[in-house]
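Hi there,

Here is the structure I promised to pass on. Have a look at it first, and then read on for my notes.

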Amino acid sequence: MDAQLKRGFLDICVLAAIARKDSYGYQIIRDAPASLELSESTLYPILKRLAKQHFLSEYTREHNGRFR
């Protein structure tokens with residue numbers, strides 16, 4: 001698959017995953033189909049890029065003593 005096409009496809013998949021409810025990186029990876037092969041090193045740059053482009057907003061919340 002063309003790299004640019006894959007990048008756009010993953011962006012859409014991430015946006016679709018968070019469209020229904022707020023989520024966080026680890027949960028997005030767990031909910032993604034295995035066929036996407038979504039890893040932390042792939043997801044977090046996508047989230048940062050989408051936030052920078054104002055497609056999503058981010059915030060931090062503490063859960064069980066850890067920040068998400």
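**What I found**

This is a predicted model, and its largest nonpolar core has 13 residues, of which Val14, Leu38, Leu43 and Leu47 touch the most other members. The largest share comes from α3, with 5 residues.

Leaving aside residues up to four places away in sequence, Leu47 touches Val14, Gly25, Ile28 and Leu56.

Next, a charged residue for you to check. Asp11 sits in helix α1, which covers residues 3–19. Is Asp11 buried or exposed? Asp11 counts as buried because its relative accessibility is 12%, and the cut-off for buried is under 20%. With residues up to four places away in sequence again left out, the contacts of Asp11 are Ile46, Arg49 and Leu50.

The largest pocket has a volume of about 870 Å³. It is lined by 23 residues, and the closest to its centre are Ser23, Tyr24, Gly25, Tyr59 and Arg68. At least two residues of this lining come from each of α2, α3, β1 (62–63) and β2 (66–67). How does the lining of the largest pocket divide by class, and how many residues are nonpolar, polar and charged? The lining has 9 nonpolar, 8 charged and 6 polar residues.

Best wishes, and happy browsing!

Definitions and conventions:
Residues are numbered from 1 along each chain as its sequence is written. This is a predicted model: local features need pLDDT of at least 70, side-chain atom pairs count only at pLDDT 80 or more; totals for chains, interfaces and linings use all residues. Side-chain values use heavy atoms; hydrogens and water are left out. Helices (H or I, at least four residues) and strands (E, at least two) are DSSP runs, numbered from the N terminus. Buried means under 20% relative accessible area, exposed over 50%, partly exposed in between (1.4 Å probe, protein chains only). Contact means heavy atoms within 4.5 Å. A nonpolar core is a set of buried Ala, Val, Leu, Ile, Met, Phe, Trp, Tyr and Cys residues joined through side-chain atoms within 4.5 Å. On a 1 Å grid over the protein atoms alone, a cavity is a set of points where a 1.4 Å probe fits but cannot get out, and a pocket is an open set with protein on both sides within 12 Å along at least five of seven lines; lining residues have an atom within 4 Å of a point. Grid points are joined across faces, edges and corners, and a volume is the space filled by probe spheres set on the points. Ala, Val, Leu, Ile, Met, Phe, Trp, Tyr, Cys and Pro count as nonpolar, Asp, Glu, Lys and Arg as charged, and the others, Gly among them, as polar.
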